[in-house]
Amino acid sequence: MTARYVLRRLGGTLVLLLVLSVAVFALLQAAPGDPARTLLGPRNATPDALAAVRARHHLDQPFAVQYLRWAGDALRLDLGTSIRTGASVSATIGGRLALTGQLVGLGLAIAVLLGVPGGVLAALRRYRATDRAVQTASLIALSTPAFAGGLVLIYVFSLMLGWFPAYGPGTGGDRLPHLVLPAVALALGVTAVLLKLTRAAVIRELDKEHVVFARARGVAERRILVHYVLRGALVPVLTGVGLVVAYLLAGTVMVEQVFALPGLGSLLVDSVTYRDVPLVQAEALLIAVLVCLAGLLTDLAQPLIDPRLRPAADAPRRPKERR
Amino acid sequence: MTTTTAATTTSTTAPEPLLAVDGLSVAVASGARALVVDGVSLTVAPGECVGVVGESGSGKSLTMRAVAGLLPEGLDVTKGTVRLGGEEVLGLAPRARAALRGRRIALLMQDPFAMLHPQLTCGRQIADGLRGQGGRGRAVRAARRAEVERRLAEVGLEPSVADRYPHELSGGMLQRVATAAALAGDPDLLIADEPTTALDTATQAAVLDLLGRLRRERAMGLVLITHDLRVAFSACDRVHVLYAGTVVEHGPSHALRTAPRHPYTAALLASEPSARERRPRLTAVPGSVPAPGERGPGCPFADRCAFTAPACRTTPVALVPLAPATAGGAGTPAPRASASATDPGTSAPDPGLSGPHAADAGGRATACLRAAGLGPLDPPAGEAAADGAAGTGPETDDAALVVSDVGRRFGSAAGDRQVLADVSLTVPAGEVTALVGRSGSGKTTLARIAIGLETFDSGTVRTGPVDLPPGRRPSTADRRRLAGHAQIVFQDPYASLSPLRTVGATLREALDAARRGGRGDGAETVESLLAKVGLPERYAARRPAALSGGERQRVAVARALAARPRLLICDEAVAALDVSVQAQLLNLLDELRRDQGFAVLFITHDLAVVRQIADHVAVLHDGRIVETGPAARVLDAPGHPETRRLLAAVPAPR
C-alpha cells in the first residue's frame with residue numbers, strides 16, 4: 001500500500017469529520033430559542049447572566065468565528081462545561097468512555113464470534129435443516145429490540161439462573177460478569193446482521209467458478225474452504241463489521257438504560273433530557289469520530305486483503321509471455 | 001473390459017482405455033426427472049485427444065462434469081458406468097472421488113478470469129494442486145517454489161508470473177496459468193471445457209497448441225469440449241457429436257469433417273462460416289435444441305432436420321456402427337453403405353498426432369435412422385459466392401461513419417496507454433464494414449466513440465449528420481440525433497437485456513424513445529419489430545430468461561432497429577452464439593441490411609465471419625489501423641503481418 005493511498009483516505013476522513021463537526025456545532029443554533037438561554041440552562045436568566053454567557057461563548061460574533069473557537073477548543077479536548085453539573089465535559093465523558101468502550105468491544109466480539117461462524121455454517125448447509133434453524137434464530141434476534149432482549153436476559157440469566165448480575169457496572173475485576181448480559185443484548189441484532197451478510201458472501205463464493213476449478217484439480221476440501229471461500233468472503237464481511245460499529249454505539253443508549261450502566265449511552269439520554277447542549281455536542285462529535293475511524297480502518301484493511309483494490313501505482317508491470 | 005489393472009501407461013497391444021464411459025445418463029434430481037444426458041458412451045486412450053462437440057444445451061459439459069464427479073447441485077447420474085483406468089468410479093464415496101481429481105483426472109474450464117481466485121497469487125494456486133508439496137519449512141518452500149517455476153516454464157510463462165495476481169495478467173496468460181494449475185497433480189486425463197471460447201482467435205490457437213503439446217509430452221488423455229467444430233477438427237483425433245444429451249455421431253475427425261453421416265453434423269458444418277470462401281447464404285439450422293423433458297420418442301433432431309421421415313419422430317434411435325470394428329482399430333477404411341467417393345481421411349491417419357486408439361474406437365457410428373439411405377452427406381464446399389461489393393473507394397459524402405485521425409489515451413496510475421492512435425475509418429452507407437483485431441486492439445473503444453459512449457482526445461468523428469466534439473461527451477441534442485442514426489448491438493445478450501422487463505416492454509421503450517426523437521413514423525410496433533427478426537408475437541410477453549441466447553440477440557437487434565438506424569454497430573454480436581444460431585443471425589443481419597439499407601460496422605475477431613458478411617475490412621492492431629480494403633482482397637492477399645496472423649489463427653482442419 002502506498003503512502004499516497006493512506007494519506008488520501010486520511011484526508012477524506014478529516015474532511016468528513018470537518019463537515020460533521022460543523023453540523024454538530026450547529027446543533028446549538030438549531031435548538032429552539034436563544035442560544036444564550038439554552039446554554040444558561042435552568043438557571044435564572046438575568047440579563048447579567050445572559051451577557052456573561054454570551055461573552056464566554058462569543059455568541060455575539062459571527063457563526064464562523066464561533067465555530068472556529070469551539071473547534072479549536074475541541075481539538076485541545078476542551079469541550080466546555082456541562083450546563084447541568086458545571087463539570088468539565090471532557091472529564092465527564094472520559095469517565096464513562098471506558099465502560100461504553102468495553103461494552104461495545106465485548107458486543108462486537110460476541111457478534112463477530114457468533115455471527116461469522118454461524119453464517120459460514122448456514123452457507124455450507126444451505127437450504128437444509130441447520131441453515132433454516134440458524135436463519136430462524138437470527139430472524140428472531142434481529143426483530144428483538146435491545147431493551148426487550150435485555151429484559152428477557154435479566155429475567156432468565158439473572159433472576160432465574162442467577163449466573164450474571166442484573167445491573168450496574170461492577171467494580172474492578174468484577175466488570176466482565178456485569179457486562180456479559182448487556183453485551184449480549186446489545187449484540188443480538190448486530191449478530192443477526194453479520195450472520196446474514198456472512199451467509200450471503202460465503203454462498204456467493206461457493207458458487208464461484210474458481211471453487212469448482214479448485215475441486216476439479218484436486219485441492220483439498222478444507223484448503224478450498226479456508227483459503228478460497230473464506231478468503232473471498234472476507235472483504236464483504238469486514239465491511240459489514242465496520243458498519244455495525246455505528247449500530248453498536250447507537251444501541252448503547254437503550255442497553256445502558258436497561259442495565260443501569262453509567263456509560264456514554266445513558267449520559268446521552270440524560271444530556272438530551274436536560275438539554276445539556278455542550279455535552280450533547282461533545283457526545284455527537286465523539287460518536288462521529290468513532291464511526292469515521294471504524295470506516296477508515298475498514299478502508300485501509302481492504303487493499304491488504306484484496307490485491308485488486310490495491311492502487312495501480314503499486315502494481316508491477318505485466319510480465320510478457322515467453323515466445 | 002473386465003480387467004481392473006490401472007493401465008495408466010500406454011502398452012503396445014490393446015491398451016486399457018484411460019476413460020471408458022458407458023451409457024451415462026444424468027437427470028434433474030427433482031420433479032419430472034428430465035434427462036439432460038441420455039446414454040452417452042465414449043472412450044479415451046492415453047495420449048489421445050477426443051472432441052466432444054455440441055451446441056449449448058447438448059449436455060456436453062454435464063457429461064464430462066459427471067465423469068469428474070462435479071455435477072452441479074440438483075443433477076444426478078441415473079445410469080451408466082464411468083471407468084478411469086479400469087476402475088469403476090461412480091460408486092465411490094465422495095471422498096474417494098475427490099482423491100481421484102487432480103491425480104487421475106482434472107478439469108479445465110472456460111473463463112480464465114473466473115477460474116482463478118482473484119486474491120491468491122498464480123504461483124500459490126498452482127502449488128495448491130501439487131502432490132506432496134505441503135509443509136512449512138524453508139527447504140520445503142524453496143522446493144515448492146522451484147516446482148511452480150518449472151510448471152510455469154512448461155506452459156511457456158516466466159517465473160515472475162508466480163508472484164502475480166490474476167487481474168494483472170491477460171486472458172491468454174491466465175489460461176496458461178490455469179492449465180499449469182490443472183496439471184499440477186499430473187493427471188492422466190485432462191478434460192478441457194471450452195478452454196478457448198473466451199479468448200480471441202490468435203490466443204485461441206496458442207492455447208490449443210499448448211494443450212496439444214502437453215498431451216504429447218505427457219502422453220496424457222485429453223477431452224476437448226467445444227461448440228466450435230473447427231476447433232475440434234483441428235485438435236482432436238476423434239470427435240463425438242452430442243445433441244440433446246445423446247451422441248448422434250462419432251468417428252475420426254477427418255472422416256466426420258469430409259463425410260458426415262448424421263444430418264446434424266452436416267448441418268453444423270454447413271452453418272460454419274469459412275475464412276476461405278464466401279457462401280451465398282449460410283445454411284442455418286432452424287429452431288433450437290429441445291429442452292430436457294420436451295424430447296419426443298423419436299430422434300431428438302427430427303424437428304430441425306432437413307431429411308426427416310415420419311418414422312424419425314416415432315422410432316427411438318441408437319448409435320449404429322457404420323463399419324465393423326476390425327482388428328487394428330483405427331485407420332481402416334469403412335465400407336460405405338452407399339456409393340460415394342473414397343474417404344481419404346480414414347486411410348491416412350496422422351501418425352504424429354493420433355494417439356493409440358482403443359480397440360473399439362476407430363469405427364464410426366451414427367444415430368440416424370436414414371443413414372443407410374442418405375449415405376455420406378455433402379460436406380459444405382464449392383458453392384462460393386461472389387465476395388462483397390468490393391467496388392470503388394468509399395464515398396465520404398454519404399458515409400454512415402467517418403473517423404479521421406482519432407486518438408484516445410486512457411490514463412491510470414500505472415501509466416497512460418494509447419488505445420487508439422491516428423485511426424481513420426470510413427463506413428460507407430448501406431455496406432458492411434468489418435473491424436477486426438484481437439482483444440485489446442481498441443475495436444470496442446472505437447465503436448463506443450462512434451456512438452458517443454466514449455470520448456476521444458484528437459481527430460474528428462462524424463456519425464452520419466452528427467459531428468462529435470473531441471474531449472467531451474456529446475450534448476443531449478446530439479445524443480438524440482446520434483441515436484436516430486446509429487445503434488449498437490452488444491456481444492452478450494444476457495447482459496444487454498434487462499432481466500426484469502418483458503421483451504415487449506424493452507421494445508416498446510425503444511419505440512417510444514425513437515418517437516420522442518422524432519424518428520418513428522408510428523407504423524412500427526412491437527409485433528412488427530419481432531416479425532422483422534423472425535420471432536413470434538407471443539415472445540413480447542416473455543422475459544429474457546425464457547429465451548435462448550440466439551433469441552435474446554434477435555431481441556437486441558430488434559431493439560436497435562426500433563430507431564430505424566442508418567448505421568448498425570455489431571460489437572462481437574455473434575461471438576457468444578452457437579454456430580447454427582450464429583448462422584441464423586448472420587443471415588438475418590444480411591437480410592435486414594438488404595431490406596432496410598443500413599450500413600453495418602461489424603466488430604469481430606473471427607475472419608471467417610468477416611468473409612461471410614463484410615464488404616470492407618479494417619484491421620486494427622495495437623490501436624492503429626494496419627490494413628484496410630475490400631474484404632476479398634484483404635483475406636485473399638493479406639498485406640500486413642497482423643492480418644496474416646489473424647488468418648493463420650482460424651482453426652484449420654489438419
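Predicted model: local features only at pLDDT ≥ 70, side-chain atom pairs only at ≥ 80, totals over all residues.
The interface between chain B and chain A was examined first. The size of an interface is often given as the accessible area lost when the parts come together. Here the area buried between chain B and chain A is about 3,300 Å². Carbon and sulfur atoms give 55% of that area. On the side of chain B, His117(B), Gln119(B) and Asp128(B) lose the most area to chain A. Together these residues account for 19% of what that side buries. The contact draws 43 residues from chain B and 31 residues from chain A.

Polar pairing across the interface was counted next. There are 9 residue pairs in polar contact between chain B and chain A, with both residues at pLDDT 80 or more. Several elements of chain B each supply at least two residues to the side that touches chain A. They are strand E6 (105–108), helix H3 (112–115), helix H4 (122–127) and helix H6 (171–182). H6(B) provides the largest share, 5 residues. By residue type, this side of chain B divides into 23 nonpolar, 10 polar and 10 charged residues.

Side chains of opposite charge can pair when their charged atoms come close. Between chain B and chain A, the count is 1 salt bridge. The side chains of Arg223(A) and Asp128(B) form a salt bridge, with an N to O distance of 2.5 Å. Asp128(B) also meets Arg124(B) in a salt bridge, at 3.9 Å from N to O. Asp128(B) counts as buried because its relative accessibility is 10%, under the 20% limit. Arg124(B), at 27% relative accessibility, counts as partly exposed.

The largest nonpolar core holds 95 residues. Phe213(A), Leu19(B), Val67(B), Leu108(B), Leu189(B), Leu190(B) and Ile191(B) touch the most other members. H6(B) gives the most to this core, with 7 residues. The surroundings of Leu190(B) were listed without residues up to four places away in sequence. Another core, of 55 residues, lies apart from the largest one. Among its members are Val503(B), Leu607(B), Ala608(B) and Leu646(B).

Over all chains, the whole structure contains 42 salt bridges. One of them links Arg145(B) and Glu149(B), whose closest N and O atoms are 2.8 Å apart. Both residues lie in helix H5 (residues 138–154) of chain B. They are 4 residues apart, so about one helical turn separates them. Arg145(B) is partly exposed, with a relative accessible area of 30%. Glu149(B) is also partly exposed, at 26% relative accessibility.

A further salt bridge joins Asp478(B) and Arg481(B), with the closest N and O atoms 3.1 Å apart. Both residues belong to helix H15 (residues 476–485) of chain B. They sit 3 residues apart, about one turn of the helix. Asp478(B) is buried, with a relative accessible area of 16%. Arg481(B), by contrast, is partly exposed at 43%.

Technical notes: Residues numbered from 1 in each chain as written. Chains lettered and ligands numbered in written order. Heavy atoms only, no water. Contact = heavy atoms within 4.5 Å. Buried area = accessible area lost by both parts, 1.4 Å probe. Salt bridge = Lys/Arg side-chain N within 4 Å of Asp/Glu carboxyl O. Polar contact = N/O pair within 3.5 Å; in protein donor to acceptor, adjacent residues only side chain to side chain. Nonpolar A, V, L, I, M, F, W, Y, C, P; charged D, E, K, R; others polar. Core = buried A, V, L, I, M, F, W, Y, C linked by side-chain atoms within 4.5 Å. Buried < 20%, exposed > 50% of the residue type's maximum accessible area, 1.4 Å probe, protein only.
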